[in-house]
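Please look through the structure below with the sequence alongside. The paragraphs after it go through a few local features in turn.

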Amino acid sequence: MAEKFAADDNNNNGDVDSLHYEVQESFPFHVQPLLAPNCSEYAVAHSNVSLKPACQMREVSFLPHIMNAMRKLRLMQVLRVQSYAWPYLNQGSDHGVVIVSAPRSGRTLSYVPPLCQMVCKSLAEQRCRRRWELKGPIAVVLAADLGRVRQLGGLCNMMLRKAKNEEWLTLVLTVPSAQTQEFFLRWLNGVGCLVATPAQFLWLCSSDLLKMPNLRFVAYDDVDLMQPEQLLQVHQQLLNLTRKQRPQLVITSQSYNHKLLKMLQEFNAHPMLLFGDILEAAVYGGVRMRMLLRKSETKHEELLRLLQQRSPHLLRTVINCHTDAEISDLVKILEAHGYRCLPYYQTAGMEVRDHVLRWMRNTRGELLLCTDDCPELNIRHAETLIHYSLSDSWSKFKLRHLSLADNLRNQFEQSLAEGSVEQSTDKDYKSDGLLSLVFLDQTNHNQMPRLVDFLQMHQRVEEPIVLLARQLRNQLESLKCNEPALCDVLLSLGHCGDTLCNQRHQLLPYDRLLPPQMPTQGDVKLQLVKVYSPTHYCVRLLEHLLPGGNWKPLPRQPALEMKLQLLQSQNCCRHWPPKAKEICTYRNEYGYERVRILRVAPIERVNLSRTDVAVEVQALDVDTRLILTTSGKLYVCPEELRNALPLAIDLRILGMVPYTGERSWHEEDGRQCADWLNAVPQPNILQASIAMSLSHTIFVHNLGVTSYAPSLQMHVRLFNMCQQLTRKKLAKKCDQAVDKLMKFLVDDQIKEQQQSAVEHPVEKHLEIQQPEKQKQITKTTAVKAPAGRLSFFAKMALQLGKENRLRLEQQKQQKELDQNALKDKETDYSVESLYNCLMNCSLLDLQEQQLSAVDCNVPEELLKQIIEPKLKTAKLPQVEQQRNKSKTTAAVVTQKALDLQCQTPPNVVRPEVVYYQTACTLELQVILPEADMQYGALLHNGRCICFWTLGTSESVTYQFTLNTHCPYQSLSHHMQGRTVYLSILKALAETYPLEFSFYKFMKPQHEKLNGLEEQRRSHVSNFEKYLLHKGYINGRSVKYSDDEHDFSSDDQSEEFIPEACPESVERPIDLSELICD
């Protein structure tokens, strides 16, 4: 039977009457072979029942097709965590497990085979019944994000089988982004395993039609990455749905939390805690961890102080060192102070080993000193563990805590504590309980950040230690050769809790170095290149609008685009060796494009050129996608293209997170946003408001599409991305994400500046941590600071030195600028010079066409062109000059008076206002930079119109005040998009003089005004014709035409021409004029 399953992938039995199983090929995920680099050979398991781990694969009973799938995954031996989990979970209901282990340690495969075994057994029971009664899922797996959902779904699909005639049955079901009829039909027909995120599961629970009567297995995968609120809601929903029969519950996590055990006990009567991470097991077992930062010369003093409080005669003590030489030096110091030592060197013989065995059985008065290179020491019941030096790796440091394993507290034997184990941070060491003390010095402080991160998850750490660890982490990141891209989850949500994330989580100086054309505030017009997600886009910058300014086109690079096109026809040389931060060209399926190298795999022999080295690059011009490729597709970039600025840039919308609370977006969501933008009628303009800028990314508040309306002579917003996402329930606004992201972008810059001011933060902190006695000695021996005139001259010398350094730096920068200018002035025969030459020739042709287009047949124009220059150079008589001087002085005084009256605060800006009038109202259209801005409008004294926007004192305020000098009755207003429409009702139904030329921000809408004037002229003309028809005007009479029903004169030889009515002419307003004429 086993040979049949191994030979046939579809697991088809030769018997006709038996069920024919087949693999469901509809799931798109491809399962890769198992790689478990973090697998531990040791595990700690606690339960309220006896545990019997499996030592070999044959001791575990799984179905044949599950074993076949495990062979394809290269799972040929039982890992230590799986040896406890598999036999325990196969016992059935009331047996649940909390697995605490590092990622890629085999924790997922610790519960997936038992889960699939349970599903297959339930399906076999359904087949034996007369009627198929399966509704809903048999097992539910909740994953942290969509990527993990795809991986777990593919893994479960690989280990499940169904009969050929069971087309209605769905083995693995995932939740779509939208409600579909197919999903509910699959649910009602029966599901083997449902794989979803907590947010998707809560969405399913909101429908009362979905029941789970056959649920037998539940798994919470990687709860560290789930939101705690969503996890509690999911857990409560499952408790309500499974009141009749509780399913098995499995929880996997990277760190231990006492709440996980409480959740497990609510489902299963026989819970088990399984630790593949020994350090997490030590925290669970009540080990108090301490960390001290001291100089290497003073560490032994703190060690002696510890041994006085925790005597080795009462508590078994183990001291871990780095080398045998360090053990030898420490033994001399301890023996000099009366302590007996048992050093275990790497060259120890049988006598020393026998001595260690006797120490393990009886002796407690000696100190055992050893290194990490002694795996033969099987110590499990120590009580004090001292790390005099850290290990070479983090895994070795965690394995040191195996010496405390047998003394760890079993919480199933004792009463379960309601809260977590208290971690002492006092300077004194308690004599009871287990202790793990870590000494850090200037030689091993690089491992401090990771240790601080671990301690922060379980206990309180002093703030100076946290700040120091952050500075060290930034220093280590800056020294790394590779510079991966910033984490996408970090830039979306403001934080990333995934410890396996291989992207960057710190800002580097490269991110702060903004190119000259990069805008940092105001609005920008964009060209859309690509849509990655609803909040992530690739764009090109077109125009920029500063607050209170005008649109200015940003410099484009047509010469660069021409060079990139010419690059396609060149034969480029291979780029070797690839190094991070370099610019090169990448050969895609269409041609060459510029890329920036982010990450390169280690290269052992640089002299040997290879084409299979893994490289991660980012595109610069076509788009900004991340590309995983090999060194064989990288070619040398020409020098003239290497220093050119990128054409494409990333754009991200602040504060918009997935509506369901997930950490990532669906691929369909990005395509939906692209369809929305493409559906907007052309021509249109993509516009955004800037919040923050990096060298490669612009963060905006909103993204909209505007179009120019010729009838209104203004731009109208046609589409708002944030409003559309909120309306369609694809995203929601999250102020917490904005605060976290701005704190990361802004506060990180301040911390970098503080870090640059401190050259050696570790040494400075070490000096602060000196004992009090040594501080007193240094105080008595310290030299007093100079006082009096000597202090004055010392300060002057320091100030002069700073000024000299600044002056030298400025001279150096100026010299570099001059050299660059000389280089630019040199003759350049590149494509850019050719482009500039062609543009200059085109400009000269246009100027000649304009000069030749002047009509010289007009005498006045010709006379003005000939005589006007002479009038400008001719000298005026003295009396005329004095008269003009007095006029100029008066004009200057008047202008100053106007400027004084028009002075406004620096944060007040005049908005653009379009005006026109009708027979009964005055219409104003106030154009604001953003939609949904709060504003106020008021009609004061029936003549003065006031408008202002509401906001904070630091933000820009748009306001104006108009004195119309004409009576009005009331004011009404409403807002649509970015435009506020003000309608002021006139007191008299007549045409008012609109004297707004004094206000530069007021712009007339000529089409409306001309229409009103034509209507007025038509009324005047008809009235005059009516008077002629009635004979009120002597000498003329007008009669109606019966055919055309219009007016016609008796005298056909004379053409009737009505007198021109005086029109309203805009004139400058007089400041002394307070009422209408």
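His 965 is buried, with a relative accessible area of 5%; the cut-off for buried is under 20%. This is a predicted model. His 965 sits in the loop that links β36 (957-963) to β37 (968-976). Its backbone is also worth a look: although His 965 is not a glycine, its phi is positive, at about 65°. Most residues other than glycine have a negative phi, and most peptide bonds are trans.

Asp 932 has a positive phi as well, about 60°, and is not a glycine either. Asp 932 belongs to the loop between β33 (921-927) and β34 (935-940). Is Asp 932 buried or exposed? Its relative accessibility is 59%, so Asp 932 counts as exposed, the cut-off for exposed being over 50%. His 965, by contrast, is buried.

The next feature is the cis peptide bond. One joins Trp 576 and Pro 577, with omega at about -10°. Pro 577 is in the loop that runs between α19 (558-567) and β20 (583-587). Another cis peptide bond leads from Gln 682 to Pro 683, and here omega is near -5°. Pro 683 is likewise placed in a loop, between α21 (667-678) and β27 (685-693).

Turning to the helices, how do α2 and α4 pack? Helix α2 (residues 64-72) and helix α4 (residues 112-128) meet at an angle of about 150°, and their axes are 10 Å apart. Angles over 145 degrees count as roughly antiparallel, and α2 and α4 are therefore roughly antiparallel to each other. Their crossing is right-handed. On the α2 side the contact is made by His 65, Ile 66 and Met 70, and on the α4 side by Pro 113, Cys 116, Gln 117 and Cys 120. Of the residues in this contact, five are nonpolar, two are polar and none is charged.

A last stop is helix α7 (residues 198-205). Seven of its eight residues are buried, so α7 is largely enclosed by the rest of the structure. The buried residues in α7 are Pro 198, Ala 199, Gln 200, Phe 201, Leu 202, Leu 204 and Cys 205.

Technical notes. Residues numbered from 1 in each chain as written. Predicted model: local features only at pLDDT ≥ 70, side-chain atom pairs only at ≥ 80, totals over all residues. Heavy atoms only, no water. Axes fitted to C-alpha atoms, helices over the stretch in contact; angles between N-to-C directions. Helix = DSSP H or I, 4+ residues; strand = E, 2+ residues; numbered from the N terminus. Parallel < 35°, antiparallel > 145°, perpendicular 65-115°, else oblique. Left-handed = near helix turned anticlockwise from the far one by under 90°. Contact = heavy atoms within 4.5 Å. Nonpolar A, V, L, I, M, F, W, Y, C, P; charged D, E, K, R; others polar. Buried < 20%, exposed > 50% of the residue type's maximum accessible area, 1.4 Å probe, protein only.
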